[in-house]
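Have the viewer open as you read.

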Amino acid sequence: MNKRTIWMVMTSGLVMILLFSLAACQGESEQGEPATIAEKKDINPNGSSELALMMREMHEAAVAAKAEIEKGQTPGITVDFAHMTEAEPTNPKMIAFEEFEPLAKSYITAMQALATAEDSTQAAQAYTTVINTCMSCHEVSCKGPIPRIKRLYLAP
Ligand code: HEC
């Protein structure tokens with residue numbers, strides 16, 4: 001190998017590491033494990049895990065619910081995230097903590113309360129509880145999306 005080839009191999013290696021750490025929880029000092037991530041059966045060319053995709057849908061559902069509540073409506077929640085605890089994460093370490101399941105369950109319960117809210121006042125309260133459950137899990141599991149989650153709170 002000449003110098004140029006070595007340089008190219010090293011640079012692409014660094015780019016890969018960078019991409020993997022971006023795909024994982026940004027903001028966390030997670031050690032990327034490229035091999036395991038690359039081996040995963042992938043649904044997405046960007047290499048997103050099942051749980052990461054579900055989180056994006058959860059985020060979109062929250063954005064939609066927020067807009068409806070702000071218009072004084074009760075949001076129509078149609079998505080079901082009850083199987084969250086079975087979704088595969090980018091890295092098993094992300095969910096390898098005792099509170100993961102109870103926190104996931106409190107999120108699911110909060111979503112059910114939001115889905116059955118009878119008026120906009122109830123909906124606003126239930127919605128805030130939902131965002132609180134997002135926050136409490138993210139404080140333990142992955143801090144990267146916290147700024148985005150904070151923006152989901154209703155204006156006081
Ligand atoms: C029980 C824990 C838990 C709860 C509750 C939770 N999250 Fe997550 N979230 C995670 C974990 C773990 C990941 C990392 C998933 C992965 O990379 O596989 C994640 C990833 C994300 C991501 C990044 C997805 C991506 O593009 O890689 C966003 C955005 C997110 N969550 C938003 C939310 C929002 C909004 C809520 C509430 C509506 C929420 N989360 C509730 C644990 C949780």
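## Helix α5 and its packing

Against which elements do the buried residues of α5 pack? They pack against α3, α4 and α6, where packing rests on contacts, meaning C-beta atoms, placed from the backbone, within 7 Å of each other. Helices here are DSSP runs (H or I, at least four residues), numbered from the N terminus.

Before going further, please note that this is a predicted model: local features need pLDDT of at least 70, side-chain atom pairs count only at pLDDT 80 or more, and totals for chains, interfaces and linings use all residues. Residues are numbered from 1 along each chain as its sequence is written.

## One face in, another out

Helix α5 has 21 residues and reaches 31 Å from its first C-alpha to its last, close to the 30 Å expected at 1.5 Å a residue (the expected span is 1.5 Å times one less than the number of residues). Buried in α5 are A123, A126, Y127, V130, I131, C134, C137 and H138; a buried residue has 20 or more other C-beta atoms within 10 Å of its own, an exposed one 12 or fewer, and a partly exposed one falls in between, with C-beta atoms placed from the backbone. Seen down the axis of α5, its buried residues fall within an arc of 145 degrees, so they line one face of the helix; the arc is that of the directions from the helix axis to the C-beta atoms. On the other side of α5, T121 and E139 are exposed.

Leaving out residues up to four places away in sequence, A123 touches I69, T74, P75, L114 and A117.

## M54 on helix α3

M54 sits in helix α3, which covers residues 50–70. Is M54 buried, exposed or partly exposed? M54 is partly exposed, because 19 other C-beta atoms lie within 10 Å.

Beyond its neighbours within four places in sequence, M54 is in contact with F81, M84 and A87. M54 and M84 are 30 residues apart in sequence, yet 7.6 Å apart in space, C-alpha to C-alpha.

Terms used: Helices (H or I, at least four residues) and strands (E, at least two) are DSSP runs, numbered from the N terminus. Two residues are in contact if their C-beta atoms, placed from the backbone, lie within 7 Å.
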